[in-house]
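Me: I'd like to go through this one slowly and ask what stands behind each label. Could you take me through it?

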Amino acid sequence: MGEHGGRTRRRGGELLAAIHAAVLEEVVEVGVGRLTMEGIGRRAATPRTTLYRRWSDPIDVLLDALYHSHPVEEPTPGADDLRGDLIRALQLMVAWTLSPAGRAVAAILTDPKGAPKVSEALFERVFANKGGTFTSTVLRHYAERGHFPADLLTPVVADIGEALVTKRLLDGAPPTDADLADIVDQAILPAIGLGPFRATP
């Protein structure tokens, strides 16, 4: 019996999900520089030939998996809850950071051998195509509808929330919902002229 002969043959979405999960696990374990089609296929229990029918190399598989697993924040219909939408966007970031995709991105960016050849494509093919940073879609949505001057939405302002969440994560503990509300109230909203917000005791 062949290497994969004991498994029920998978197709379509089931097979794609298995391959995506496999490449995210593989890059965390071996790093970008040692990522191979053989390793991905072995972990996904599928032949390398199946991978090559869709992707040209293991980096292509990795970027595809990251693209499909990257969440996009959705502003509230009617654009009437900027503060709540920003908090929810940061909650989404925390959840993603702790997910297999988030752990894979951390492995990529901290791999001295692999990061240079993948990081640019990661930002172009995944983050940019999915709206950039986790709060930028929300901020652009509200700026376009006149809730604050669009010229205040600079690259620095767009990165404030993500930078502070990343610092909390690097300090060793995921931020709580109260921490995320503080980031929105004390950093993001004041930067666009709408704060600081004071919660009612």
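Reply: Gladly! Let's begin with the buried residues of helix 8, which are Ser136, Thr137, Val138, Leu139, His141, Tyr142 and Ala143. Please keep in mind that this is a predicted model.

Me: What makes helix 8 mostly covered?

Reply: The count does: 7 of the 9 residues in helix 8 are buried. The label buried stands for a relative accessible area under 20%. Among the elements that cover these buried residues are helix 5, helix 9 (155–170) and helix 10.

Me: Why are helix 5 and helix 8 called roughly antiparallel?

Reply: Helix 5 (residues 82–97) and helix 8 (residues 136–144) pack at an angle of about 165°. Angles over 145 degrees count as roughly antiparallel, and therefore this pair gets that name. Their axes lie 9 Å apart, and the crossing of helix 5 past helix 8 is right-handed.

Me: Which residues make that contact?

Reply: From helix 5 come Leu82, Asp85, Leu86 and Ala89, and from helix 8 come Val138, Leu139 and Tyr142. Sorted by kind, the residues of this contact are 6 nonpolar, no polar and 1 charged. Asp counts as charged, while Ala, Val, Leu and Tyr count as nonpolar.

Me: What comes just after helix 8?

Reply: Gly146 is found there, with a positive phi of about 80°.

Me: Now to helix 10. Why does Leu180 count as buried?

Reply: Leu180 has 1% relative accessibility. Buried means under 20%, so Leu180 counts as buried. Leu180 sits in helix 10 (residues 177–191).

Me: Which residues does Leu180 touch, leaving out those up to four places away in sequence?

Reply: Leu180 touches Ile87, Leu90, Gln91, Val94, Val165 and Pro175. Contact here means heavy atoms within 4.5 Å. As for Ala89, 91 residues away from Leu180 along the chain, the C-alpha atoms of the two are separated by 9.6 Å.

Me: How do you know how far to trust the coordinates?

Reply: The pLDDT is the guide. The protein averages 87, and 90% of the residues score at least 70. Confidence is highest in helix 2 (residues 37–44), at a mean of 97, and lowest in helix 7 (residues 115–127), at 81.

Me: Where does pLDDT stay under 50?

Reply: That is the case over residues 1–6, for which the model has 6 contacts beyond four places in sequence. Where pLDDT is low, the predicted coordinates should not be read in detail.

Key: Residues numbered from 1 in each chain as written. Predicted model: local features only at pLDDT ≥ 70, side-chain atom pairs only at ≥ 80, totals over all residues. Heavy atoms only, no water. Helix = DSSP H or I, 4+ residues; strand = E, 2+ residues; numbered from the N terminus. Buried < 20%, exposed > 50% of the residue type's maximum accessible area, 1.4 Å probe, protein only. Axes fitted to C-alpha atoms, helices over the stretch in contact; angles between N-to-C directions. Parallel < 35°, antiparallel > 145°, perpendicular 65-115°, else oblique. Left-handed = near helix turned anticlockwise from the far one by under 90°. pLDDT = per-residue confidence, 0-100.
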